[in-house]
Amino acid sequence: MSGPRSDDLQQATTTAFPRLEVGDRPAMFGCFRVLRPDGSVIAPDAALQNGTGVADEDALAMLKSMVRQRAIDERMLGLQRQGRIGFYGAATGQEAGTIAAGHALQLRDWVHPALREGGIALHRGYPLKTYLAQIFGSADDTSTKGRQMPCHYGSKDLNFVTLSSVMATQMPQAVGTAYAMALRHEAPDRPICLGAIGDGATSEGDFHVALTFAGVLRPRGLGLPLILYVQNNQWAISTPVEKQTAATTLAAKAEGYGLVGVRVDGNDALALLRVMRAVADHVRAGGVPVLVEALTYRVGAHSTSDDPSRYRDESVTRAWAALDPIDRLGRYLVGRKVLPDDGIALLRAHYDDEVREALAAAEQVPPVALQTLVEDVYAEVPPALQQQLLAMTAG
Ligand SMILES: Cc1ncc(C[n+]2csc(CCOP(=O)(O)OP(=O)(O)O)c2C)c(N)n1
Ligand SMILES: [Mg+2]
């Protein structure tokens, strides 16, 4: 039994999507795009639902999560500036890249996130209360028990694996998860795994190790159910993507490992959903793994520890900010009369209220109990650790 061939996907995606810059080059050099920045559809296709291939309820569900994520991110940045939390990495301007990728997955699928994919967990149902508790390291942090930096969410229930701060380590792990799914489940209906990474981390050895194994592991003669998902926001802290690679695109790297590469406008939620759904179907059914490059821009700082005005031209940032993914999808939905003219503002007010209430409750929760520091490693806490704990609590 064999799965779809890689060129089936190329065929499907190149014919189904209007592209940003195509010529006669394959999809990994072009860039799929459905919406213009003003929310109009570039090339409505009468054969597709709504001319875009995306149902209104899907577009609206994505928009809600995107607005919610921005409301959370902006509040968290404010908290860090006030000294109430230690660190935060926002996904501002990348909400489409995060939420649309998550929306294309099924709940039984797996996610190995990078720093900016916390919104996928929220979109899958990770409670805001737990999200905030992870950031605070409070007693409600049931996922990481206060032992991880903020933004390292994890949820067994949601198949959302806690990221390690060491860049790119999640990619070989994602290959392993996909391999396990391929061994345990029958195509064409296998749970799939999304491994997410930033452009900068594609320079890490782990990324290339992952691509090698993604190509050569073929259990049952099929490709792994794996999407390697690069959010190319064009910066790795202060290093621009041009200094990470001389390749024409990051998607092009797929070819060298026997994988399929696809590039998509990372600020266009509809294009992303279309591409990610096509890709998910392809790898679920047994096709070779796909490297998806979502082209976007980090309009904010790298994290709360960074000041980008010191190393980049912020007029470029403003140009990208004008391509905002929330405004674009919002205008599309206003145009379709799914959303009133002030729909985004109404949603934002709603989520600001939600965040304010959740935060007020989260800040009342005490820190994780000290004794948990010595738990979970040994079946019985060894005497030396017991003594150290005693010394800490007595002090
Ligand atoms: C192995 C390793 N080297 C360096 C760092 C420090 N570091 C954290 S994030 C980051 C840049 C990440 O850039 P990118 O992969 O483009 O993701 P983005 O932050 O832009 O989403 C660096 C250098 C790290 N965490 N791990
Ligand atoms: Mg980056």
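Strand E6 is mostly covered in this predicted model, with six of its six residues buried. Val260, Val262 and Val264 point one way from E6, while Gly261, Arg263 and Asp265 point the other way, and all are buried. In a regular strand the side chains alternate between the two faces of the sheet.

**Strand E7 and its partners**

Strand E6 (residues 260-265) pairs with E7 in the parallel sense over six bridges. Within this pairing, Val264 has Ala294 as its bridge partner in E7. Strand E3 (residues 226-232) also runs parallel to E7 and is joined to E7 by six bridges. There, the bridge partner of Tyr229 is Val292 of E7.

How many residues of strand E7 are buried? Six of the six residues of E7 (residues 290-295) are buried, so the strand is largely enclosed by the rest of the structure. Both faces of E7 are covered: Val290, Val292 and Ala294 are buried on one side, and Leu291, Glu293 and Leu295 are buried on the other.

E6, H9 and E7 together make a right-handed β-α-β unit.

**The nonpolar core**

The largest nonpolar core has 103 residues. Leu226, Ile227, Leu272 and Val292 have the most contacts inside this core. Helix H9 (residues 269-285) supplies the largest share of the core, 11 residues. Ile227 touches Ile192, Leu194, Val279, Ala280, Val283, Val290 and Val292, leaving aside residues up to four places away in sequence. Val290 and Val292 are among the buried residues on one side of E7.

**A buried helix**

Helix H3 (residues 95-103) is mostly covered, and nine of its nine residues are buried. These are Glu95, Ala96, Gly97, Thr98, Ile99, Ala100, Ala101, Gly102 and His103.

**The shell around ligand 1**

Which residues are the closest to ligand 1? Ligand 1 is surrounded by 16 residues, and the closest are Met167, Gly198, Gly200, Ala201 and Ala236. By class, this shell has seven nonpolar, five polar and four charged residues.

**Backbone geometry in the loops**

Most residues other than glycine have a negative phi, and most peptide bonds are trans.

| Site | Feature | Angle |
|---|---|---|
| Ala187 and Pro188 | cis peptide bond | omega about 10 degrees |
| Ile237 | positive phi, not a glycine | phi about 50 degrees |
| Asp376 | positive phi, not a glycine | phi near 80 degrees |

Pro188 is found in the loop between helix H6 (170-184) and strand E2 (193-198). Ile237 lies in the loop between strand E4 (235-236) and strand E5 (239-240). Asp376 is placed in the loop between helix H12 (343-362) and helix H13 (383-394).

Is Asp376 buried or exposed? Asp376 counts as exposed because it has 9 C-beta neighbours inside 10 Å, and the cut-off for exposed is 12 or fewer. Ile237 has 14 C-beta neighbours inside 10 Å and therefore counts as partly exposed.

**Loop residues and their surroundings**

Asp306 lies in the loop between E7 and helix H10 (314-321). Asp306 is partly exposed because 15 other C-beta atoms lie within 10 Å. Not counting residues up to four places away in sequence, Asp306 touches Ile237 and Ala301.

Arg218 has its place in the loop between helix H7 (205-216) and E3. Arg218 counts as partly exposed because it has 15 C-beta neighbours inside 10 Å. Arg218 and Ala182 are 36 residues apart in sequence, and their C-alpha atoms are 8.7 Å apart in space.

Definitions and conventions:
Residues are numbered from 1 along each chain as its sequence is written. Chains are lettered from A and ligands numbered from 1 in the order in which they are written. This is a predicted model: local features need pLDDT of at least 70, side-chain atom pairs count only at pLDDT 80 or more; totals for chains, interfaces and linings use all residues. Helices (H or I, at least four residues) and strands (E, at least two) are DSSP runs, numbered from the N terminus. A residue is buried if 20 or more other C-beta atoms lie within 10 Å of its own, exposed if 12 or fewer, and partly exposed in between; C-beta atoms are placed from the backbone. A nonpolar core is a set of buried Ala, Val, Leu, Ile, Met, Phe, Trp, Tyr and Cys residues joined through C-beta atoms within 7 Å. Two residues are in contact if their C-beta atoms, placed from the backbone, lie within 7 Å. A residue is near a molecule or strand if its C-beta atom, placed from the backbone, lies within 6 Å of it. Ala, Val, Leu, Ile, Met, Phe, Trp, Tyr, Cys and Pro count as nonpolar, Asp, Glu, Lys and Arg as charged, and the others, Gly among them, as polar. Two strands pair if DSSP finds at least two bridges between them. A crossover is right-handed if, with the strands pointing away from the viewer, the path from the first strand over the helix to the second runs clockwise.
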